Amino acid sequence: MKTLRLILGDQLNYNHSWLRTVDDNITYVLMEVREETDYTKHHIQKVIGIFAAMYNFVQFLKKRKHNVIYIQINDKLNFQSVSKNIHYLINAGEFKKFEYLLPDEYRVDSYLKKLCAQLKIETSVSDTEHFISSRDELSKVFEGKKSYLLETFYRKLRVKEGVLMQGSKPYGGKWNFDALNRQTYKGEERIPPFLNLKNDYSSIEEEIRKAKIATIGQVDAKNFQWPTTPIQAQQLMDYFINKLLPNFGKYQDAMHTNNWHLFHSRLSFALNIKLVSPLSVIKQVENTFLTGKTKADIAQVEGFIRQILGWREYMRGIYWAQMPGYSNLNYFGHQNKLPDWYWTGDTKLNCLKHAIKQSLEHAYAHHIQRLMITGNFALLAQVHPNEVDAWYLGIYIDAFEWVEITNTRGMSQFADGGMVGTKPYVSSSAYIDKMSNYCKTCYYDKTKKLGDRACPFNSLYWNFYETHNQLLNKNPRVGMMLNVLHKMEKQTRQALLRQAELYLANINDL
Ligand code: FAD
Ligand code: DLZ
Ligand code: SF4
């Protein structure tokens, strides 16, 4: 039967079973459309990366002799809408069947279901064959429970996939080596030179500029650094295993002004657009370790595997268990706007300046920068989760709603009241100073809570606990901090709140 198969820009699984046989009755369609470039304001590197990866995927399909239609952004015959393009192609090509792959986003899932209901031909949907757990696996594991525990889900997947297992026991006698993974980076281990993938995508950038797509951030398209083929994803993978893995866990939470990625893998974009499968990444790391081909110890290896087998699958499970309601959650009722300097990095807060400027330059910040710098500040500044989400969804190369919203609204902003995290991730300057060298060259004084140049994190931190005392006082994990607050002298407490108020009133000038 003459069939049209849609593949979206984050569904570039070269090993998908669809592609195993070449069938002249089947035509694949990939399309660059304003609907997807404009649903949020993306980083320019994200749009280039996706267009380039789609283009490369199309070349692969053509080489394998599959029929393929590629609609590009400035094509005359592009209705700039997935649905309109599909309607047009079905009529023009007399297709009798339409097939698509399960999208990762709720928005697109509903959209494609609606499209199928409108079509007068047979339709069907297939799995992307990428994730380790199914969409509803997490909700089945936690049926009837109010909160979801990462550790429970992670262990289930470890057992199911036989990853780092010795029979029924975890390798090394423990499931989780996180306690060993909290070192500060002081330059003691050399960070290997950056792997430059040397892609020249200036012509794609030109097309994007010509189409006048509004984007954020910068790019050097002649030296595009993100992987856009499975071969490049594997190069990054090899580089990670050989050069970075031995120090991955140790410095996972560290931050430094001299380096924007430290020992992180930078694999999230390749994973999220499916150039590489999570299980293959996990198995490669596990095999390297078990066959003694790496200096990395179990704490580094387990720490890395937990990010992908644990956190990544867990966040996807929460997304499908909780959407669409999740995108409206605002537990603390925060209403403030994001400071203007989140879009420029022009602030005197050195930690934020570094985290934001590097995000604009590289479309990347590592986990602890996202959580404990930009996320922490947004939560302390009581910013509406919608504003925070829009920023995270736009600025990062790896941002797709299923993994962005659960991390942002859930883990970072605690807007779900504790489904993902057991307590809000807030800190004063003490944590930031411990895990980075940002405070050393900051305009603000990390030791001061009050007065001129007092680090804003310090008063905003206590102001947060004061404001949300009622909502938090039953949470055993924050009891200690609330006790400290309650034992403070009234005058000190009031002075802190006044200082916080002053900062909040002048947030754009900080
Ligand atoms: P590594 O540190 O090398 O980790 C390896 C892999 O583990 C990552 O590539 C990623 O696939 C996975 N991983 C690690 N932590 C998480 C996590 N918390 N959730 C899901 N997967 C994880 N990740 C995204 O992929 N897209 C997002 O839009 C995104 N938004 C985030 C927003 C906030 C506020 C926070 C706190 C985290 C967010 N993360 C997001 C998770 C994490 O920060 C990134 O996956 C990671 O920084 C990507 O860099 P890396 O590939 O070098 O990761
Ligand atoms: C993010 C993105 C962008 C910027 N552009 C396109 C596009 O033009 N065509 C396309 O098929 N996909 C694009 N994507 C990825 C989609 O937004 C993604 O497939 C959905 O959000 C589902 O996860
Ligand atoms: Fe950030 Fe405060 Fe440290 Fe400055 S002093 S870098 S604002 S934590």
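Start this tour of a predicted model by selecting E466, which counts as partly exposed at 23% relative accessibility. R493 sits in helix α20 (residues 490–505) and E466 in helix α17, so the pair ties together parts that are 27 residues apart in sequence.

Next, select R5, K97, E99 and E122. Salt bridges that share partners join these residues into one network. A search of the whole structure finds 23 salt bridges, and two further ones are worth a stop.

Select E189 and K250, whose side chains form a salt bridge with an N to O distance of 3.8 Å. This pair links distant parts of the chain, 61 residues apart: E189 is in the loop between β7 (169–170) and α7 (202–210), while K250 is in the loop between α8 (230–248) and α9. E189 counts as partly exposed because its relative accessibility is 29%.

Then go to D389 and R409, a salt bridge in which the closest N and O atoms are 2.7 Å apart. Is D389 buried or exposed? D389 is buried, and R409 is buried as well.

Now select ligand 1 and the residues around it. Of the 28 residues there, H264, S265, R266, Y364 and N407 come nearest. Show the polar contacts one by one:

- H264: a polar side-chain atom lies 2.7 Å from an oxygen atom of ligand 1.
- Y364: a polar side-chain atom lies 2.7 Å from an oxygen atom of the ligand.
- Q307: a polar side-chain atom lies 3.4 Å from a nitrogen atom of the ligand.

The protein covers 99% of the 820 Å² of accessible area that ligand 1 has on its own. Colour the shell by helix: α9 (268–272), α11 (298–322), α13 (367–380) and α15 (401–412) each supply at least two residues. Which helix gives the largest share of the shell? That is α11, with six residues. Coloured by type, the shell divides into 13 nonpolar, ten polar and five charged residues.

Finish at S436, in the loop between α16 (429–435) and α17 (456–467). S436 counts as buried because its relative accessible area is 5%, under the 20% limit. A polar atom of its side chain lies 2.7 Å from the backbone oxygen of I432 and a polar side-chain atom of S436 lies 3.1 Å from the backbone nitrogen of Y438. Leaving aside residues up to four places away in sequence, S436 touches T184 and M255.

Key. Residues are numbered from 1 along each chain as its sequence is written. Chains are lettered from A and ligands numbered from 1 in the order in which they are written. This is a predicted model: local features need pLDDT of at least 70, side-chain atom pairs count only at pLDDT 80 or more; totals for chains, interfaces and linings use all residues. Side-chain values use heavy atoms; hydrogens and water are left out. Helices (H or I, at least four residues) and strands (E, at least two) are DSSP runs, numbered from the N terminus. Buried means under 20% relative accessible area, exposed over 50%, partly exposed in between (1.4 Å probe, protein chains only). A polar contact is a pair of N or O atoms within 3.5 Å; within protein, one must be able to donate a hydrogen and the other to accept it, and residues adjacent in sequence count only if both atoms are side-chain atoms. Contact means heavy atoms within 4.5 Å. A residue is near a molecule or strand if one of its heavy atoms lies within 4 Å of it. Accessible areas come from the Shrake-Rupley method with a 1.4 Å probe; for residues, only the protein chains shown count as cover. Ala, Val, Leu, Ile, Met, Phe, Trp, Tyr, Cys and Pro count as nonpolar, Asp, Glu, Lys and Arg as charged, and the others, Gly among them, as polar. A salt bridge is a side-chain nitrogen of Lys or Arg within 4 Å of a carboxyl oxygen of Asp or Glu.
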